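This report describes one protein model for a reader who is new to structural work. Please keep the sequence and the structure in view while reading.

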Amino acid sequence: MNQEKGATEPSDAMLVRGANSRGRARVSHAVVVIFLEFFAWGLLTTPMLTVLHKTFPQHTFLMNGLIQGVKGLLSFLSAPLIGALSDVWGRKSFLLLTVFFTCAPIPLMRISPWWYFALISVSGVFAVTFSVIFAYVADITDEQERSTAYGLVSATFAASLVTSPAIGEYLSAQYGDSVVVLVATVIAVADIAFVFFVVPESLPDKMRLSSWGFPISWEQSDPFASLRRVGKDSTVLLICVTVFLSYLPEAGQYSSFFLYLRQVIKFSPAAIAAYIAMVGILSILAQTVLLSVLMRTIGHKKTVLLGLGFQLLQLVWYAFGSQPWMMWAAGTIAALSSITFPAVSTLVSHSASPDQQGVVQGMVTGIRGLCNGLGPALYGFIFFLFNVELSDIQTVSAESPVQVGSVIPGPPFLFGACAVILALFVAVFIPDHHRSAENKSSATSTAHAQNANPLATPTSDTEDNEPLLQDSSM
């Protein structure tokens with residue numbers, strides 16, 4: 001499309017994005033990147049526990065929480081900035097950067113465990129692949145198909161964990177941890193090469209700056225500036241609070257749940273591998289088929305509320321369940337609750353203008369990064385308070401059960417259920433349709449102005465009541 005036509009058609013911004021990007025960039029590119037990255041890390045599930053235990057023999061999971069806490073804090077601070085910069089300079093370069101730094105610690109697991117954990121901590125500055133991926137998907141899909149695409153990306157994350165922990169445990173038992181780390185490193189290198197050689201840019205040229213030397217003000221590069229905008233926009237604030245309250249228990253659960261199944265519920269290694277596979281397969285179905293149906297029938301907000309309801313139910317079941325069959329049943333509910341995050345990502349995407357996708361997705365991913373740090377430490381601390389020792393991963397047997405309160409076998413899960421109740425309360429107040437016609441018109445006018453002069457500095461309006469969704473400077 002030429003600029004003259006863009007000046008006469010109100011919806012030209014979306015049409016230009018679709019015409020310029022769909023012929024090259026596809027959702028399948030994002031799917032492959034996510035699958036390879038998390039498959040590589042899934043292989044390291046068993047070696048990670050071993051290295052943690054050997055490096056930090058006392059309070060292993062609390063130390064893990066501290067390491068992940070530093071990484072999460074850095075991700076929280078950097079994700080909005082990286083998302084905003086990708087809005088200006090394009091997605092591919094930042095996708096390459098995030099994938100590289102996320103996978104960089106893998107080979108160091110066997111070379112130097114101390115450097116491995118140190119690099120994991122500092123890699124949080126760039127380890128925000130999901131924010132760039134969701135912005136990438138937003139560039140190449142329209143609003144009607146975006147929820148399905150987000151569900152596919154999230155389902156790919158679940159698919160990568162269906163078999164990778166079991167494969168990693170088998171390779172570790174047969175050939176040792178060094179072989180597992182080598183295989184994970186090869187997959188990580190393949191992922192980086194795929195981004196560099198195969199993945200195309202999704203952001204049209206006329207929506208990007210033509211030079212990397214374009215000056216950026218401190219206001220644009222300050223991560224706290226974008227975080228302060230969360231409080232100035234009521235809808236984004238409600239969404240971010242909902243994400244924090246719902247993902248905090250999910251992150252803590254992910255860090256310690258399989259060990260909980262092994263020590264408290266007495267699952268065998270084979271049962272744990274089967275459990276991961278079952279939940280992963282059901283999550284794939286939930287995030288593709290079920291999510292698509294729900295989005296079309298009940299809408300974005302109600303889908304988020306339904307997902308939070310499923311999460312509340314499974315956490316309560318985990319907290320009070322004491323028999324293996326209860327864990328299997330709760331796992332089914334947990335798979336259904338996996339629709340929450342892709343639904344939230346779609347909701348926040350619809351709340352932002354086309355040139356703000358990287359900013360808002362970066363904020364949401366940053367909140368998740370913070371939860372990835374706080375959740376494991378919080379769960380480990382609560383288990384410690386209730387005398388469930390998580391540091392000994394070698395001496396679990398039916399003859400030496402862990403002493404836990406008979407009424408509440410899993411205290412951290414009850415805490416998580418309380419957090420999800422608060423998330424449900426906050427999510428009720430999220431508007432169904434936040435972006436008004438005036439907002440869309442303003443965003444379209446800004447896009448037309450930038451189309452007319454591609455090198456012009458993105459403008460901002462400090463008088464707007466909702467600067468995040470109106471301010472193009474970020």
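## Helix α20

The expected span of a helix is 1.5 Å times one less than its number of residues. In this predicted model, helix α20 covers residues 411–427 and has 17 residues. The distance from its first C-alpha to its last is 25 Å, close to the expected 24 Å.

Several residues of α20 are buried, among them Pro 411, Pro 412, Phe 413, Gly 416 and Ala 417. Further along the helix, Ala 419, Val 420, Ala 423, Val 426 and Ala 427 are buried as well.

## Helix α10

Helix α10 is formed by residues 143–175, 33 residues in total. It reaches 48 Å between its first and last C-alpha, close to the 48 Å expected at 1.5 Å a residue. At Ser 164 the helix bends by about 30°, and a proline, Pro 165, follows within four residues.

Both ends of α10 can be described. Just after the helix, Gly 176 adopts a positive phi of about 100°.

## The salt bridge

Side chains of opposite charge can pair when their charged atoms come close. The structure contains one salt bridge. It joins the side chains of Asp 139 and Arg 91, with a distance of 2.6 Å from N to O. Asp 139 belongs to helix α9 (residues 129–140), whereas Arg 91 sits in the loop between α5 (60–89) and α6 (92–103), so the pair ties together parts that are 48 residues apart in sequence.

Residues count as buried under 20% relative accessible area. Asp 139 is therefore buried, since its value is 2%. Arg 91 is likewise buried, with a relative accessible area of 0%.

## Gln 314 and its surroundings

Gln 314 is part of helix α16, which spans residues 300–320. Its relative accessible area is 3%, and the residue is buried. Leaving aside residues up to four places away in sequence, Gln 314 touches Gln 253, Ala 330, Ile 333, Ala 334 and Ser 337.

## Confidence of the prediction

The protein chain has a mean pLDDT of 74, and 71% of its residues reach 70 or more.

Definitions and conventions:
Residues numbered from 1 in each chain as written. Predicted model: local features only at pLDDT ≥ 70, side-chain atom pairs only at ≥ 80, totals over all residues. Heavy atoms only, no water. Salt bridge = Lys/Arg side-chain N within 4 Å of Asp/Glu carboxyl O. Helix = DSSP H or I, 4+ residues; strand = E, 2+ residues; numbered from the N terminus. Buried < 20%, exposed > 50% of the residue type's maximum accessible area, 1.4 Å probe, protein only. Contact = heavy atoms within 4.5 Å. Bend = angle between axes of the 7 residues up to and from the residue. pLDDT = per-residue confidence, 0-100.
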